[in-house]
Structure formats: C-alpha cells, structure tokens
Amino acid sequence: MSFPWARHYEPKAPFMRWMDEKLPLPRLIFNAVGAGYPVPRNLNYWWNFGVLAGFCLGLQIVTGVILAMHYAPNATVAFDSTEHIMRDVNWGWLLRYAHSNGASAFFVVLYIHIFRGFFYGSYKPPREMVWLLGVTIFLLAMATAFMGYVLPWGQMSFWGAKVITGLFSAIPFVGEPLQIWLLGGYAPDNAALNRFFSLHFLLPFVIAGFVILHIWALHIPGSSNPTGVEVKDESDTVPFHPYYTAKDGFGLGVFLIVYCLFVFFLPNYLGHADNYIPANPIATPAEIVPEWYFWPYYAILRSFTVALHVPFTNVTIIDAKLLGVTAMFSSILLWFFLPWLDRSPVRSGHYRPVFRKYFWLLVIDLLVLGYCGGKPAEEPFVMIAQIASAYYFLHFLVILPLVSAFERPEPLPFSITEAVLGSDKKAVLGENTSPAT
Amino acid sequence: MVRIIGFFVGLFFAVMALWAFGTGLYNQITSPPEKTAASVFHRQPRELRLSSDGWLGDWRGQDNEQLQRGFQVYKEVCSACHSLNHVAFRDLTEIGYSQAEVKAIAAGFMVPGVDPTTGEANLRPGTPTDYFPKPFANDIAARAANHNAIPPDLSLITKARDGGAAYVYSLITGFQPIPPELKKQFPDFDTPPGLYFNPYFANLNLAMPPPLRSNGQVEYKDGTNPTVDQMAKDVAAFLVWTAEPSLGKRHQTGFVVLGFLLFATVLAYLAKKQVWAENKQEFAVEESPRRKAA
Ligand code: HEM
C-alpha cells in the first residue's frame with residue numbers, strides 16, 4: 001500500500017528500536033496516520049468528518065462504558081436508574097447528556113461524511129470496498145442507536161421498540177413469530193430490555209472493528225480528493241502528519257464547540273419530552289416519533305399507504321405495511337450498489353454539471369423527508385413525503401444511472417498539483433481534458 | 001445487470017409512492033378530515049419568565065426564595081395528590097434550607113417503615129435520606145380518588161411536557177368555563193361531571209380540580225403576596241428545579257468548557273495555518289531515499 005515516496009519509519013531512541021523489533025505498533029501508526037502516509041494536498045474541510053466520526057465512536061464508548069456502571073437493565077428500575085445517574089452519580093448528568101447528544105453528533109458527522117462521498121464520487125473504483133464497509137458501519141450505528149434509545153425505558157423507548165420490532169411482523173408467514181422471538185415476548189419487556197442492553201454494549205465494538213477494516217481498505221488506494229483526479233506524483237501529496245493532524249485538530253475544536261453548546265445548553269433539544277415519562281404499556285403516546293436521525297426513513301416507511309393489487313381486482317399482492325418496510329430497508333441497502341449504479345468515469349461533482357444539480361435536489365429531498373418524518377402522520381406531511389420518497393428512489397435507481405450514461409463532464413485538471421498551483425510542470429498537454437474511460 | 005434491475009425497482013417504488021400520493025390527495029378532496037374541538041381550541045402555554053430560563057439560566061445561582069415558596073406550594077397543595085418520586089428530603093439543602101430545617105421538614109412527612117419490635121409495616125416520621133412519600137398506596141387507589149385518572153409524578157413534569165414550566169403555570173391557572181364560541185362551533189362538546197375544562201390540556205378536559213383557587217391559599221414567610229398567579233409561578237419554578245437539580249451547575253460548567261474550547265481552537269487554527277503556510281507554493285519536497293536512487 002501507499003506511494004513509493006512515502007517516508008520510512010526510522011526509530012532513533014533505543015527503546016523505540018527495541019519496540020519496533022518486538023511489536024511494530026509505532027511503525028503502524030507512523031504509516032497509518034503519521035508522516036509515513038502521503039495524502040492529497042488539496043483536501044477540503046469535508047474530509048475532516050472521517051476523523052470526527054472516529055472521535056464520536058470513541059466518545060460514545062467511553063461515556064457508554066461509564067454509564068453502564070450505573071445503569072440497571074431491568075424494566076422495573078431502568079427509568080429510575082437513569083434518573084439516579086442524572087441526580088446522584090458524580091457528573092452523571094454530564095455523562096448522560098454527553099452520550100445522548102453524542103449519538104446525535106455521531107449521526108450529524110456520519111451524514112456529512114456520507115454526503116461528501118455522494119458529491120465527490122468517493123464510492124467509485126478503486127474505493128468500492130471502503131464504501132461498502134462504510135454503509136455497513138452506518139447500518140450498525142443505526143441498530144446501536146435504536147437499542148440505546150430503548151434503555152432509559154421512557155414512553156418513546158417503549159413505543160419505539162414496539163413499532164420498530166413490529167416492522168418485522170410485516171414479513172409474510174414468519175413475521176409474527178419473528179417479532180415475538182426478537183422481543184422475547186408479545187410486547188417489549190424485561191427480556192427485550194436485557195438483550196437490547198447486551199447488544200447495545202457489544203455493537204460499538206463491532207463497529208470499531210469495521211472502522212479498522214474501513215481505514216485499512218482506504219489506505220490501499222489512499223484518499224480521494226475534491227478534484228477526483230488520482231495522485232500522480234509526490235508533488236500531489238503531503239504527509240498526513242503534520243499537515244492533516246493540524247487540520248483535523250482545528251476541525252475537532254470547531255466540532256467540540258458545537259457539540260458542547262448542545263451538551264451544556266440545549267441537552268434535551270433533540271430529544272422528545274415523552275421519554276421523560278416512564279414506559280407505560282397501556283398508554284399509547286399521541287405520536288410515536290423516533291430520534292431525528294431516523295426521520296427520513298420513518299417518512300419513507302409511512303409513505304407507502306396503499307397495497308399492490310392485481311389490477312381491477314381486490315387480490316392483494318403486497319400489503320401496504322410490507323411495502324413500506326421493504327421500501328424503508330431498500331432506501332439504505334441500495335447505497336451498497338452505488339458504485340455500480342453510477343458509472344461516470346469522473347468522480348468529483350465539481351466536473352459533472354448535470355449530476356451536481358441532482359445532488360442538491362437529493363440533499364433537499366432528504367431534508368424534506370426528515371422534516372415530514374418528524375411530524376405527525378397527517379396531511380399534508382404524508383403527501384409531501386410521498387413525493388419525496390418517489391424522488392428518492394428515482395434519484396438513485398433511475399436518474400443517477402441515466403445521468404452517468406449521458407452527461408458530458410467538464411474538463412479535469414491534469415493533476416492535483418495543477419489544481420492547487422494553477423500549473424504543473426509535468427503536465428502533458430491534452431491529457432485529462434476529456435476524461436479517460 | 002445491477003442497473004437494469006435497479007431501474008425497475010426504482011420505478012416500482014416511485015410508482016407506488018406516487019399512487020399512494022394520488023389516493024391520499026383524492027381522499028383529502030372527497031372527505032377532508034373534520035376538525036375537533038381540541039384541534040381548534042387547544043392553546044399554547046402563556047409566557048413565563050424564570051431565573052432558570054435560557055442560556056444564562058441560574059448560572060449565577062438559583063432564586064432560592066422563589067424555589068422555597070414553590071416548595072411550600074407543592075407541600076401544602078399538590079402533595080395531596082402528586083408524588084415527587086425522584087426527590088429526597090436531603091436534596092432540599094440545594095435550594096437553601098439548612099440541615100436542621102431539612103430534618104424538620106422530613107419529620108413533618110410520614111413515610112412507610114417497619115416497626116422495630118413487631119416487624120409489621122407502619123408509618124414513621126421521615127429523615128433527610130428518605131424520598132418524598134407517595135400520596136396514594138398504589139395506582140388503583142390513585143384512580144379511585146381522582147375520577148379514574150392517575151395524578152402523574154411531578155419530579156420530571158417540566159421536562160416531560162412540551163412547554164415545560166410555562167405549560168405547568170398555564171395549566172394550573174387556566175381553568176375556566178367552556179367558552180361560548182366553542183359551544184357554538186361544537187354543540188356536542190361537553191365537560192363530563194368530575195372533569196374540568198382547561199384549554200391548555202391536550203384534550204381540553206382533565207380530571208384535576210383547580211388546585212389553586214384563591215389568593216392567600218398558602219401563607220408565604222418571606223412576605224411575598226400569595227396571589228394565585230404568584231403561587232403558580234413559584235410552583236412551576238420549583239418543578240424546574242426538581243426536574244434537573246444540576247441545571248445551574250450545567251450552565252456554569254458549560255461556560256468554562258466553552259471558554260477553554262474557544263481558546264484551544266484558536267490555537268489549533270494558528271498551528272494549522274503555520275503548518276500549511278507553504279502549501280500554495282511549490283513544495284520543497286524532501287528527497288526520499290527511493291527517489292535519490294531513481
Ligand atoms: C455507536 C456508538 C453508540 C451510539 C450511537 C449510542 C447511542 C445511544 C443512545 C441514542 C442512547 C439513549 C440516550 C438517552 O436517551 O439518554 C444510549 C444510551 C445508553 N448507551 Fe449508548 N451508544 C453508543 C455506544 C455505547 C457504548 C459503547 C456503551 C457501553 C459499553 C453504551 C452504553 C449506553 C447506556 C448504558 C445507555 C443508557 C443510559 C442512558 O440512557 O443515558 N453506549 N446510547
């Protein structure tokens with residue numbers, strides 16, 4: 001992996017030389033995030049979010065492990081034990097707010113990270129595996145957050161668990177038994193709470209494993225960059241350290257400022273008031289709403305309100321619920337196929353005039369879906385979400401493949417160096433002005 | 001192949017979503033949803049200003065006088081029906097009561113205990129480590145005494161309702177006769193016996209009788225005039241504190257943390273600027289061993 005001009009690790013201190021012989025961990029770090037890893041010199045701030053996602057994962061693990069020391073996963077006391085954390089544990093309120101807002105921060109960062117990938121075509125060869133591992137991480141993070149939200153055992157915890165596991169009951173024949181098996185009962189109760197806690201504790205470490213694979217796979221071709229033109233020469237790169245450690249350090253500071261504004265001044269802004277009411281299986285809340293990061297998918301789920309019939313008869317082929325569930329899961333699973341749906345040889349949206357317009361439409365579409373998903377299932381929100389859902393599927397499965405076939409991209413710079421400096425002495429006239437296929 | 005299958009899957013989902021849209025639109029036009037009394041006459045909470053409000057809330061210290069007055073209203077009025085499960089008597093030192101006062105307050109409540117000689121359940125005077133006792137033995141007793149409604153625990157009520165303290169304040173001062181316009185628009189609407197009309201409550205009728213009925217219902221020791229409005233404000237302020245006793249500390253800590261972060265981020269920015277100073281020029285690329293050999 002890496003480029004031929006990558007710097008080599010040369011331990012000087014005797015201890016480091018000894019260490020390098022026995023366990024070359026410092027060498028690994030040097031080559032992965034140190035001066036031994038050459039990175040394109042033109043990365044913009046959208047490239048900060050991978051490191052930030054890693055930071056968020058670490059933050060969730062540290063705060064989560066300490067919360068778990070005080071939390072009691074038992075349906076009769078779970079709610080009280082979170083209040084015990086808030087009131088009696090030293091700095092417990094800080095831990096809990098850091099963890100619940102940390103989940104939101106994680107998803108903000110992940111969404112930006114993913115949309116960076118959409119715009120700059122980061123999912124394209126040679127980085128397909130990086131992308132596949134990334135989508136897997138996103139799915140695992142969603143499962144983790146869903147189960148974490150159940151733990152405080154408030155009204156939204158309980159009814160959220162009921163609605164989401166209820167989705168599985170839409171599966172023909174095995175659905176009902178499957179839901180009962182997942183919950184360990186007919187409704188969420190102690191059995192469900194215990195297994196959710198166990199899995200919520202486990203999954204972040206599984207995510208950490210996938211993160212290592214994700215970075216490993218990335219380091220084989222190295223990072224892409226805003227031009228999407230691959231690294232050609234040493235003048236296109238800078239060593240990760242100190243260039244990107246410095247830039248990531250500044251990015252982390254800005255992130256922490258925004259994050260701490262929420263933790264200390266708006267800790268419940270992103271939450272739902274009903275989750276401060278203890279779970280009550282016989283009182284359904286007026287509206288069951290998931291956490292904000294699930295709103296777009298919740299809107300897609302609720303958009304499919306009519307069943308598929310055999311035309312002109314009453315014979316149902318797929319009922320509305322199953323259709324909604326399939327659409328919701330498909331809406332993320334289809335990201336796995338993105339590298340093969342978008343075949344344009346040009347990566348970066350900067351050089352793709354048509355693609356770029358649809359990209360921004362997708363951003364708006366997702367915001368609209370998110371807005372509708374957070375609203376009650378009433379008109380006009382459902383109707384707006386139905387239009388937005390239709391666009392969502394058309395975008396990825398119809399528009400993107402067609403655009404990539406018919407679009408005429410704009411000329412690319414010869415190299416990263418040329419993009420940064422305005423000229424590259426080694427530039428070959430005519431090369432890259434029309435993209436190679 | 002992926003693209004051909006994807007194309008049809010995409011069209012299928014889009015068509016189904018648009019079909020659902022068409023059906024929804026048709027239903028909207030042919031049978032628009034009817035308005036209910038609650039959807040028209042439910043009111044948003046009135047404005048309420050407290051020292052705990054906003055980003056600076058309580059960061060210079062709480063308004064302990066108001067919190068103590070609010071506690072008095074809870075103790076003398078609300079505690080007849082509402083529990084305060086998450087608050088212990090010892091917590092009251094945080095709103096300015098001395099250890100001795102807390103002891104006396106606790107001793108004024110009877111809490112469930114065990115007779116040390118017979119081992120039978122009994123009631124004993126509270127101690128500072130006890131939590132506030134519940135007014136009803138269980139939910140059935142609570143329902144029986146309150147027209148089949150359970151008075152909710154109040155410890156977290158200002159976090160558990162949209163509008164928070166302003167909602168509590170509006171609710172307990174919002175009892176009124178059914179407005180004539182409502183009767184005109186919804187002749188079927190009525191408040192069943194045992195319930196009370198209140199436009200701040202989501203479905204307009206609730207099982208709580210107006211708890212604050214007249215000025216002077218409690219007697220404040222600090223000389224504040226106990227109007228209904230004042231008592232409602234005070235108890236709302238107290239319930240903000242019970243919901244999050246660490247609020248003041250949270251804001252204080254927040255300012256220190258943000259101050260540090262701003263400073264550190266400026267330093268990080270300067271460091272980044274310095275490291276990157278020469279990037280816009282041709283790099284003096286260090287000769288790596290391999291290159292030299294080539
Ligand atoms: C991928 C990383 C993680 C995400 C996205 C996540 C998400 C969440 C969420 C959304 C909640 C509900 C917060 C609330 O309402 O207060 C929660 C609670 C909790 N999480 Fe995590 N979490 C993660 C990692 C961890 C880890 C590694 C642990 C422990 C090993 C952990 C332990 C807990 C505990 C004990 C609670 C319940 C306490 C509480 O509600 O405050 N979490 N988590």
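Select Pro126(A) to begin: this residue lies in the loop between α5 and α6 (128-150) of chain A. Helices here are DSSP runs of H or I with at least four residues, strands are runs of E with at least two, and both are numbered from the N terminus. A cis peptide bond joins Pro125(A) and Pro126(A), with omega about 5°.

The model is predicted: local features need pLDDT of at least 70, side-chain atom pairs count only at pLDDT 80 or more, and totals for chains, interfaces and linings use all residues. Residues are numbered from 1 along each chain as its sequence is written, chains are lettered from A and ligands numbered from 1 in the order in which they are written, and side-chain values use heavy atoms, with hydrogens and water left out.

**Other backbone stops**

Go to Glu379(A) and Pro380(A), which are also joined by a cis peptide bond, with omega about 5°. Pro380(A) sits in the loop between α14 (353-373) and α15 (381-406) of chain A.

Next, select Trp91(A), in the loop between α4 (78-87) and α5 of chain A. Its phi is near 55°, a positive value in a residue other than glycine. Trp91(A) is partly exposed, with a relative accessible area of 40%. On this scale buried means under 20% relative accessible area, exposed means over 50%, and partly exposed is in between (1.4 Å probe, protein chains only).

In chain B, select Leu204(B), in the loop between β3 (196-197) and β4 (205-206). Phi of Leu204(B) is near 75°, again positive in a residue other than glycine. Leu204(B) counts as buried, at 0% relative accessibility.

**The iron site**

Select the iron atom of the ligand, then His99(A) and His200(A). Both histidines donate through NE2, 2.0 Å from the iron atom. Donors are N, O and S atoms within 2.8 Å of the metal (3.2 Å for Na, K and Ca); water is not among the atoms, so sites may look incomplete. The arrangement is octahedral because the six donor atoms around the iron atom subtend angles of 84 to 179°. Six donors count as octahedral if opposite donors are over 155 degrees apart and all others between 65 and 115. For six octahedral donors the ideal angles are 90 or 180 degrees.

His99(A) lies in helix α5 (residues 92-120) of chain A and His200(A) in helix α9 (residues 190-219) of chain A, so the pair ties together parts that are 101 residues apart in sequence. His99(A) counts as buried at 16% relative accessibility, and His200(A) counts as buried at 16% as well.

**The nonpolar cores**

Now select Phe118(A), Phe138(A), Trp335(A), Tyr392(A) and Phe396(A). These touch the most other members of the largest nonpolar core, which has 127 residues. A nonpolar core is a set of buried Ala, Val, Leu, Ile, Met, Phe, Trp, Tyr and Cys residues joined through side-chain atoms within 4.5 Å. The largest share of this core, 16 residues, comes from α5(A).

Centre on Phe138(A). Not counting residues up to four places away in sequence, Phe138(A) touches Phe107(A), Leu110(A), Tyr111(A), Ile114(A), Tyr297(A), Ile332(A) and Trp335(A). Contact means heavy atoms within 4.5 Å.

**Domains of chain A**

Colour chain A by its domain 1 (31-268) and domain 2 (294-406). These bounds come from an automatic or database domain assignment. The C-alpha centres of the two domains of chain A lie 23 Å apart. In contact are 34 residues of domain 1 and 32 residues of domain 2. The two domains bury about 2900 Å² between them, 74% of it on carbon and sulfur atoms. Buried area is the accessible area (1.4 Å probe) that two parts lose on being put together, summed over both. Phe119(A), Lys124(A) and Leu167(A) supply 23% of the area that domain 1 buries against domain 2, more than any other three residues.

**Between the chains**

Show both chains: 63 residues of chain B are in contact with 72 residues of chain A. The area buried between them is about 6000 Å², of which carbon and sulfur atoms give 71%.

**Last stop**

Finish at Ala320(A), in helix α12 (residues 320-333) of chain A. Ala320(A) is buried, with a relative accessible area of 17%. Ala320(A) touches Phe304(A), Thr305(A), Val306(A) and Ala307(A), not counting residues up to four places away in sequence.

Methods:
Tetrahedral: all angles 85-135°; square planar, octahedral: opposite > 155°, others 65-115°.
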